[in-house]
Amino acid sequence: LEFEMEGGGSRKRRTAHEQKNCEMDSDGNVLPGQECCLARKHVDFQQLNFSNIISPMAASITWCSGSCSHSTSFKQLWEKYTSKIFDDGTNGERCCHATESEPVNLIFLSDEKEIKVERVFDIFAKKCSCS
């Protein structure tokens, strides 16, 4: 038995979780009342008086922000009910956090005046989620 589909293939497949970017004000602050989203702000280390940082001199820092009020999956509902059953004090409240991040290599001048390279983790969030 064979089936042949006609005209298929033109629909875009929805990803499991498309990352939502936060809406920001003109000063680079996250606008209030948003669901979990990825925030981005350009930071110039020289303007912040981090004179010991050699590279990068500036970066677009990303982090997760926003509320987690919608229960859209079985896992989220399950966590809410189990927290009530086991009385862990969270009351089923969820928080927005990074599920994927990217490290950065920071080149800086140490207190001993030596050039050092340090890999800094969790400074660039790539994806955010509630749990």
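Trainee: Which residues does Gln34 touch, not counting residues up to four places away in sequence?

Mentor: Gln34 lies in the segment before β1, the strand that covers 37-44. Leaving out residues up to four places away in sequence, the residues that Gln34 touches are Cys22, Glu23, Gly66 and Ser67.

Trainee: Does Gln34 count as buried or exposed?

Mentor: The cut-off for a buried residue is a relative accessible area under 20%. Because the relative accessibility of Gln34 is 9%, this residue counts as buried.

Trainee: Which backbone nitrogen does the side chain of Gln34 reach?

Mentor: A polar atom of the Gln34 side chain lies 2.7 Å from the backbone oxygen of Leu31. The side chain of Gln34 also reaches, at 2.8 Å, a backbone nitrogen, that of Glu23.

Trainee: What is the relative accessible area of Ile115?

Mentor: Ile115 is found in strand β5, which spans residues 115-130, and together with Ile54 and Leu109 it makes a nonpolar surface patch of about 260 Å². Ile115 is exposed, because its relative accessible area is 61%.

Trainee: Over which residues does pLDDT stay under 50?

Mentor: The protein averages a pLDDT of 79, and 69% of the residues score at least 70. Where pLDDT is low, the predicted coordinates should not be read in detail. The stretch where pLDDT stays under 50, and for which the model has zero contacts beyond four places in sequence, is residues 1-15.

Key
Residues numbered from 1 in each chain as written. Predicted model: local features only at pLDDT ≥ 70, side-chain atom pairs only at ≥ 80, totals over all residues. Heavy atoms only, no water. pLDDT = per-residue confidence, 0-100. Contact = heavy atoms within 4.5 Å. Patch = residues over 30% accessible without salt bridge, like charges linked within 9 Å, V, L, I, M, F, W, Y side chains within 5 Å. Areas by Shrake-Rupley, 256 points an atom, 1.4 Å probe, with all protein chains shown as cover. Salt bridge = Lys/Arg side-chain N within 4 Å of Asp/Glu carboxyl O. Helix = DSSP H or I, 4+ residues; strand = E, 2+ residues; numbered from the N terminus. Buried < 20%, exposed > 50% of the residue type's maximum accessible area, 1.4 Å probe, protein only. Polar contact = N/O pair within 3.5 Å; in protein donor to acceptor, adjacent residues only side chain to side chain.
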